[in-house]
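Some terms in structural work rest on cut-offs. The questions below go through a few of them.

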Amino acid sequence: MVLRWWLYSVVSMVELFVSTLVHMTYGLWIFASAIVLDLAGFISEEHRKSSSKVMPFLSSALSPMSGSLVDLAEDDPERHMLHTAATAFMDSDVKTPIVMLHGIFGFGKGKLGKLSYWGGAEQKDDRVLVPDLGSLTSIHDRACALFYYLKGGTVHYGDAHGKEFGHAPIGRTYYEGHYPEWDEHHPVHFVGHSTGVQVARLLQQLLAEKKFPGHENTNENWVISITSLSGALNGTTRVHMDGISEDGRTLRSVCLLQILRIAVLIYEWIDFGLFNKYYGFGFEHYNLSWRKAGLMGLISTLSGQTGPFAHSDWILPDLSIHSAIEFNKRVKTFPNTYYFSYGAKITRKTFGFTLPFSLFRVHPLLLIRSIQMCLFRFSTPPYEGYRDEDWKDNDGALNTKSQLFPCIPTPHPHQEMESDELQVGQTFQPGIWYYRVIEGDHIHFIINKDRAGVQFDMLYDNIFRRCRKHYQRPSVLKIIGTACQCVGDCICNHCGKQ
């Protein structure tokens, strides 16, 4: 018994060391990549200025207005096709923003320099917003921040919420909203990766509940569609590998998340301007900086007496299956909103065992966790009817079952989607989760588009095209050959008729 406990302890510590090393290496690589891109851009700009003084004609030839992309596209049929598709997107419905919401450890426009969380997919349309909502803040706090990011004003988290979790009831001020006209008649499309989709869903529920002070006219129809990409719709068993206890809320004393907790609190306390310019965890409303907290404040947060980690007001507890059950009880699937979901999967069953299908196609950041998720078993099931085997397939961060549609404690309306394209005679109905399973890990379609190859463009082209072409409230658009039929009072995108 003693030998078994000793071996288990050794294996656990080795796994913790390897996991910490892999996560730290990847984080530093991302940070360094952002700095390198910024330096390269600065050097390129200085070189361009220098060249333009010596050879004005060269500057003109290299100008973005010279149509160099088009010239290249004419020599490359595939690139020409993608350029034509992007132009078509920009020609349609440019007033309705597509808001792309990052997931855990993610970042929006303005962070990490020129690096794109979405691998540059946001450039496929000229009306895309990419907010930075904090990489570790709770779903509730992100949803509140997103409302004011779009509408403008000072972020209000709610007096009761702030009191319960020990932080200021208000946050930063957006002096100019990114979409101040946002309302039922000027709705938005949301595209969320990982926890980003939960932020969109909760925001829609808060709109329906009229939870924003001074905005009593909000309702769920401010959102026209929500697209989930590897979305955490039902939580994940991975949080238990990282250190969340089986109760779904508290942290184990020795785990990866404890190391993360300490690192984040020190980072926030140091409050170094250059670092904050590149990346932030989103805990400004907790006043963790040395300027406000002082040394005693750091000691208090590190000891777990105060701060976000003391009250579970951060993203990891929100990702447990236990939290997802309560979330899905409250957050509805609304009848006038279109819902689409892409679940990712890097595992398959072979000889009775579920394991990653390739050691080389899975990102090193996710490989160990993917194997652990395949082997994980709850000692106490989180809900009645739970079966470990249903949750084995995963993308290295989320169980595939979790990503398809809200299914616990009771399934929301759903239907499998055979193809992204709207086929002849097919209709997409609002109030139904249309889902597909695609092959790839959790970060296959973000950060580095080269990993996904041509599938990257195919996926985002279909998502953007659907937002711009295939449907709009309150009608259901039906494609019949080259003609179209509009049901309801709307202006059809295809024929332009009322």
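Q: What makes residues in the lining of the second largest pocket nonpolar, polar or charged?
A: The class follows from the residue type: Ala, Val, Leu, Ile, Met, Phe, Trp, Tyr, Cys and Pro count as nonpolar, Asp, Glu, Lys and Arg as charged, and the others, Gly among them, as polar. By that rule the lining of the second largest pocket divides into 21 nonpolar, 15 polar and 13 charged residues. The model is predicted; local features need pLDDT of at least 70, side-chain atom pairs count only at pLDDT 80 or more, and totals for chains, interfaces and linings use all residues. Residues are numbered from 1 along each chain as its sequence is written, and side-chain values use heavy atoms, with hydrogens and water left out.

Q: Why is the space of about 1100 Å³ called a pocket?
A: On a 1 Å grid over the protein atoms alone, a pocket is an open set of points with protein on both sides within 12 Å along at least five of seven lines, whereas a cavity is a set where a 1.4 Å probe fits but cannot get out. The space of about 1100 Å³ is listed as the second largest pocket, so it counts as an open set. Its volume is the space filled by probe spheres set on the points, which are joined across faces, edges and corners.

Q: What makes a residue part of the lining of the second largest pocket?
A: Lining residues have an atom within 4 Å of a point. The second largest pocket has 49 of them, and the closest to its centre are Lys111, Asp132, Leu133, Arg172 and Tyr174.

Q: How is the lining of the largest pocket divided by class?
A: The largest pocket, with about 1400 Å³ of space, has 34 nonpolar, 9 polar and 3 charged residues in its lining. Helix 9 gives the most, with 9 residues.

Q: What share of the protein is called buried?
A: Buried means under 20% relative accessible area, exposed over 50%, and partly exposed in between (1.4 Å probe, protein chains only). Of the 498 residues, 51% are buried.

Q: How do you know where to read the model with care, given an average pLDDT of 84?
A: pLDDT is the predictor's confidence in each residue, from 0 to 100. Although 82% of the residues score at least 70, the pLDDT is below 50 over residues 54-93 and also over residues 474-498. Where pLDDT is low, the predicted coordinates should not be read in detail.

Methods
Contact means heavy atoms within 4.5 Å. Helices (H or I, at least four residues) and strands (E, at least two) are DSSP runs, numbered from the N terminus.
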